[in-house]
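Please look over the sequence and the model shown here; the briefing after them goes through selected features, grouped by topic.

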Amino acid sequence: MMLQDEKMSKQGTQICTVCWTSNPSSRGTCLKCGGLLEPDDDILKAKLTPSTTKIVSAPFLPVDDLESDHSFNETTPAHSDEHPSSTVKDSGSSSSDQGALRSSPLPPPGPQPRYRNPRWNALRSIERRTLMLMIIGGLLVTILLFVTVSQLLQPVSSNSQLTPTSNPTATSNTALPYPIYPQAIGVYPDEDGENIGLSDGSYALDVEKDKQDIEKYRPGSNYKIQASEALRKGDTGRATALWSQARNEDSNDAETLIYLEDQRVLASGKPYVTIVIGSVLADKPVDYSSRDQLQGAYIAQLEHNEEVRTSSSGDLLLRLLIAKSGNTTINSVKVTNQILEAAHSDKTIVGVLGWTKTTNSLNVLPIFAQAHIPMLSSSALGDDLTGRSPYFFRIVPRNKELESALAKYTASKLKFQKLVVVYEGQDPFSQNEVDDFTQQFVADGHDNPPRLPYQRLSSPEKMKDIVNSALQTKPDAILLAGSRSTDIGNFLAAIPADSNVKILTDSAEYPLADAPPGDFKNTSRLIFASPAFPDEWKVIKPSEHEQPFFIEYKTAFDPYNQHGSTPYGYQRPDTAVMQAYDAILVLVKGLRIARTTHNESLTGDDLQQALLKIKGAQAVQGIAGQISFGDDRDPVKKEILVLQDDGSGLQLKYYQGCFLVGDQDCGGHFVE
């Protein structure tokens, strides 16, 4: 065989580098397989070299179609030192290795890895280096982006200031990368630019930004902002002085007073317990219900702490934190997670007062239940809350009871026969209110009233169209149900002056009736069922109407007697204030019950078990009636009032339920 091959080479034959078949020197490709021909005698010499030939590894790449008409065998591994038939030049070896071959048997017939021209190898080498540089560059860019995003999304510590401003509540309405949860204490803008969060005074939550709004709604805003900045820097003396100045400018701002009382608690060095107030405190429009909630909570906090300071009861002082969720309902979930973060590091946090709205409460119930933190609501009325969680309690009757009382009063006393319903179509609570009212109204022998839904935050023009459509039916009254005071206000403003139509609604609209003059029109048309009213003691128990609460309220929020012409919010509390006050009384009673078996420290479970015992002889006498929990953690036989403006302000027209602890007569009574 060796002699025959040498003879062919001498005669000018060429050898195929693929199948090793001899070919005439005149051809450029192999007659048998079309492979490249090589006249170099080194090929033949290398082929006949014994198995001691140096073994090298050379990965092969696909070759352009210009090199051969044969397709690359994709089933052949692209890089393997163990392939039984790979016999290829090593393009990456030195010149002394150019003839080196793999030691293996002759390749079988069929598609084989092709011979790679050194020129192509050089090009492939450049391409490989370029590709490698591109991959490395891409990895570096990816790492840089990851580090940047991680820094932006990193939670802010409880002791650090948020960026981009030192006080975003006052100066920023641009949303940060979202979601961003400060650890424990801190505020941050939501997706709409409204600041939400949890504060111990380190951040001012209820402030106005525009000069005109500051003067009208929150005159002490600038002092509050400066006080919070001072507290974050550890200067409690300056913070206290600035809060005092804010109070002089705006005496009915309960947020300021809560922070001042909290500093007294901390400075005393005595044991204390912490309750978080879950509040909406929306920026626009002004959320009067949340401001009322803070007022009632503050009076109860101050009353309790003064009693602890002047007695030897051994009770814990009470500190309040304020959580703001803003206009967007789902924000309550974000703020709840922040509360849990605070509770993880601050073991004095054992309960929550809130939220004021049913939808917010439904959103956060499972989160607090999983964390074993009880939540007590002073104003959430929705039927869906009943029995929803073993950690949820409320001191107000559910919607069905309130609307049933209103429907009975409407039919029996006012003799209304024809009604039309206007409600917020996207709000489940509004639909719940309408269903409860119409069910009782129809049961009393009346026709089911027609319903007109409206869109949330409708423009005044669209709301005027709704009013016109409702008045076309010539109703005696309109049942109006909605979640936003802006919509209710626009509806009332659109009612013609010559119309005698009355507006039936729920107690959530009470703040409209006592808002500053000019804020809302036609509030004298309102009729609604309410869990509380400041004049109820004069009507129901006139011999006991001088309750200390009313004196404390006026002293706290109108210390210089400057607001006699506009008493609500200064000298005269409304239903939301009274309910929040009662809610804190219930929580304090629960803490006292829990302390009888847990002298050192309390947990959320301890408070939850204690609240279950508030019934019968352990019932709480509130300023808005007695509070006794049933098995479903709703109040039993809770007082319900029907209020109507008869031209001289709101008047109590009907009441039912147990007013005092131990009352036997809990039936309905009309007030003449």
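Asp487 belongs to helix α15 (residues 485–493), where helices are DSSP runs of H or I with at least four residues, strands are runs of E with at least two, and both are numbered from the N terminus. This is a predicted model, in which local features need pLDDT of at least 70 and side-chain atom pairs count only at pLDDT 80 or more, while totals for chains, interfaces and linings use all residues. Residues are numbered from 1 along each chain as its sequence is written, and side-chain values use heavy atoms, with hydrogens and water left out.

**Surroundings of Asp487**

- Asp487 is buried, with a relative accessible area of 0%; buried means under 20% relative accessible area, exposed means over 50%, and partly exposed lies in between, with a 1.4 Å probe and protein chains only.
- Leaving aside neighbours within four places in sequence, Asp487 is in contact with Glu424, Tyr454, Gln455, Arg456, Leu457, Ser458 and Met463, contact being heavy atoms within 4.5 Å.
- The C-alpha atoms of Asp487 and Gln455 are separated by 9.0 Å, although these residues are 32 apart along the chain.

**Salt bridges**

- The structure holds 21 salt bridges, each defined as a side-chain nitrogen of Lys or Arg within 4 Å of a carboxyl oxygen of Asp or Glu.
- Glu208 and Arg291 form a salt bridge through their side chains, at 3.9 Å from N to O; because Glu208 lies in the loop between β5 (195–199) and α5 (211–217) and Arg291 in helix α9 (residues 288–310), the pair ties together parts that are 83 residues apart in sequence.
- Both Glu208 and Arg291 are buried.
- In helix α8, Arg264 and Glu261 are 3 residues apart, so about one helical turn separates them, and their side chains meet in a salt bridge at 3.4 Å from N to O.
- Of these two partners, Arg264 is partly exposed, with a relative accessible area of 41%, whereas Glu261 is buried, with a relative accessible area of 2%.
- Another salt bridge joins the side chains of Arg451 and Asp435, at 3.0 Å from N to O; Arg451 lies in strand β12 (residues 451–454) and Asp435 in helix α13 (residues 428–443), so this pair ties together parts that are 16 residues apart in sequence.
- Arg451 is partly exposed, at a relative accessible area of 34%, and Asp435 is partly exposed too, at 36%.
- Salt bridges that share partners join Asp206, Glu208, Arg218, Lys224, Asp250, Asp253, Glu255 and Arg291 into one network.

**Helix α7**

- Helix α7 (residues 236–249) has 14 residues and reaches 20 Å from its first C-alpha to its last, close to the 20 Å expected at 1.5 Å a residue, the expected span being 1.5 Å times one less than the number of residues.
- Ala239, Leu242, Trp243 and Ala246 are buried in α7, and they lie on the same side of this helix because they cover an arc of only 105 degrees around the axis, as given by the directions from the helix axis to the C-beta atoms.
- Among the elements that cover the buried residues of α7 are α6 (221–232) and α8 (254–268).

**A nonpolar surface patch**

- Met132, Ile136 and Leu140 make a nonpolar surface patch of about 300 Å².
- Patches are made of residues with over 30% relative accessible area and no salt bridge, joining like charges within 9 Å and nonpolar side chains (Val, Leu, Ile, Met, Phe, Trp, Tyr) within 5 Å; accessible areas come from the Shrake-Rupley method with a 1.4 Å probe, and for residues only the protein chains shown count as cover.
- Met132 has its place in helix α3 (residues 118–153) and is partly exposed, with a relative accessible area of 48%.
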